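Reader: I'd like to learn how to read a few features off a model. Could you walk me through some?

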Amino acid sequence: YDADPDTLAHQLDHFFTIPQQQQPTATSLQQQTTSPAARKTKAIITPHAGYRYCGSVAASAYSTISNNVNRVFILGPSHHQYLDNCALPDPNIKEYDTPFGPLKLDEDVLGELRGLSKASDSEFGRVFTKEQDEDEHSIEMQLPLIFHQLHHRLGVRDNLTIVPIIVGVLSPNVERVVGRLLAKYFKDPGTLFIISSDFCHWGLRFRYTQLQRDKTKFPKTMVFDSEEHPVNAGIEAMDREGMALIEKQDFEGFK
């Protein structure tokens, strides 16, 4: 994204003002209403690619956020450091910078999570160093969007804080522990969860070439490498199945 705040704001405004009928569909746990104050969005799943590639998708998700949000949890995967648990920022880091200005870290909540993780012996409080933090883009790509939507568009001001969490490859047991630790914050009406995910990295480069066939649309004998049945059709079918399971909150089915 552009480092110049005016250029970046202009770019984001473009994505947020694309007519709704042209917006890609965003997956969010929400009650659709026309009033920002009345929306009940609790979590959104949004990409962390470059804005030129995913800006309209991200904007469609961020547009569902209400103006009563004062705390934002951001959960993003670790791209460079292997983790079998979750990591929190270095306690010496008090804010994350954006081209628009800083976003304050919620030191109280981060302190609680570090304390809870020690009590539960889950290693949830593992520290991501400043250098590791700066190398990781899954959290960073959400920051200008958070600032733009909540500060610029909705007018949320000084009381806004963020809780960044880097998520590793979690075992079912650690997933349950982390879920229990975060549950009380999820119930807070002023707290939003942002799940930073590109959803599917497909191809030899990512060592993932599985394809899902939508049986309602495609014949059993189809091959996903032709003009008639392109690979992206199989990826879309797989993504949509995952989205449907998430919207139903079907944890076992999603696994």
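Reader: Which ring does the charged end of Lys42 sit over?

Author: A charge sits over a ring if NZ of Lys or CZ of Arg is within 6 Å of the ring centre and within 35 degrees of the ring normal. Here the ring belongs to Phe186, and the charged end of Lys42 is 5.4 Å from its centre. A word on the ground rules: this is a predicted model, where local features need pLDDT of at least 70 and side-chain atom pairs count only at pLDDT 80 or more, while totals for chains, interfaces and linings use all residues. Residues are numbered from 1 along each chain as its sequence is written, and side-chain values use heavy atoms, with hydrogens and water left out.

Reader: What cluster do ring pairs build around Phe186?

Author: Rings of Phe, Tyr and Trp (its six-membered ring) pair if their centres lie within 6.5 Å; planes under 30 degrees apart count as stacked, over 60 as edge-to-face and the rest as tilted. In this model, ring pairs link Phe186 with Phe73, Tyr185 and Phe193 into a cluster.

Reader: How many aromatic pairs does the structure hold?

Author: There are 5 aromatic pairs. One of them is Tyr1 with Tyr51, a stacked pair at 5.7 Å centre to centre with 20° between the planes. That pair links distant parts of the chain, 50 residues apart: Tyr1 is in the segment before α1 (5-16), and Tyr51 is in helix α2 (residues 51-62). Helices here (H or I, at least four residues) and strands (E, at least two) are DSSP runs, numbered from the N terminus.

Reader: Where does α7 bend?

Author: The bend at a residue is the angle between axes fitted to the seven residues ending there and the seven starting there. In α7 that angle is about 30° at Arg180. The helix also has buried residues, among them Val174, Val177, Leu181 and Tyr185.

Reader: On to strands. Which strands are joined to β9 by bridges?

Author: Two strands pair if DSSP finds at least two bridges between them. β2 runs parallel to β9, joined by 4 bridges, and β3 runs parallel to β9 too, joined by 5 bridges. Of the 6 residues of β9 (residues 191-196), 5 are buried, so the strand is largely enclosed by the rest of the structure.

Reader: In what sense does β4 pair with β7 and with β8?

Author: With β8 (residues 161-167), strand β4 (residues 86-89) pairs in the antiparallel sense over 2 bridges. With β7 (residues 126-128), β4 pairs in the parallel sense over 3 bridges. Ala87 stands opposite Ile166 in β8, and Pro89 stands opposite Phe128 in β7.

Reader: Last one: what does the side chain of Asp106 contact?

Author: A polar contact is a pair of N or O atoms within 3.5 Å; within protein, one must be able to donate a hydrogen and the other to accept it, and residues adjacent in sequence count only if both atoms are side-chain atoms. The side chain of Asp106 makes such a contact with the side chain of Arg71 (3.0 Å) and reaches the backbone nitrogen of Val109 at 3.0 Å. Asp106 lies in the loop between β6 (103-105) and α3 (107-120), and counts as buried at 9% relative accessibility.

Terms used: Buried < 20%, exposed > 50% of the residue type's maximum accessible area, 1.4 Å probe, protein only.
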